[in-house]
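Let's take a walk through this protein together. Keep the sequence and the 3D view side by side as you read.

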Amino acid sequence: MANPESRLPENVPGAFYVTSECIDCDICRQVAPSIYQRNADIGYSVIVRQPETEAELRLADEGLEGCPVEAIGMDATALSPALSRRADSAQIPA
Ligand code: SF4
């Protein structure tokens, strides 16, 4: 589980975040390039766009699940009510 205290300030605000445990392996960026991108200034991936649709939520979650060092977290309380219901029905863990 990602440590929210290591959340990078370069992430756009919202439910998903990357932490400083990122090892810059590129997996999340390959899975969901519209959500995760490399920040060259810090050498880590960051969230550049929070998911707004169920499809984007699934992509963001695939990136989270694929991270080998658990450097991606998700705060379900920051999801919009509609997206939160979709996460529940899609059984995406908070
Ligand atoms: S999958 Fe994890 S370790 Fe790899 S680039 Fe993304 S956040 Fe960093």
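Start at glutamate 70, which sits in the loop between α2 (54-66) and β4 (72-74); helices (H or I, at least four residues) and strands (E, at least two) are DSSP runs, numbered from the N terminus. Residues are numbered from 1 along each chain as its sequence is written. This is a predicted model, where local features need pLDDT of at least 70, side-chain atom pairs count only at pLDDT 80 or more, and totals for chains, interfaces and linings use all residues.

Glutamate 70 has a positive phi, near 55 degrees, although it is not glycine. For context, most residues other than glycine have a negative phi. Glutamate 70 is partly exposed, with 13 other C-beta atoms within 10 Å. Here, 20 or more such atoms make a residue buried, 12 or fewer exposed, and anything in between partly exposed, with C-beta atoms placed from the backbone.

Aspartate 26 also has a positive phi, near 90 degrees. You will find aspartate 26 in the loop between β1 (16-18) and α1 (27-31), and it is exposed, with 11 other C-beta atoms within 10 Å.

Now turn to the ligand. It is surrounded by 14 residues, and the closest are Cys22, Cys25, Ile27, Cys28 and Cys67; a residue counts as near if its C-beta atom, placed from the backbone, lies within 6 Å.

Finally, zoom out. The protein has 3 helices and 4 strands, in the order β-α-β-β-α-β-α along the sequence. Of its 94 residues, 33% count as buried. The C-alpha trace spans about 35 × 25 × 20 Å along its principal axes.
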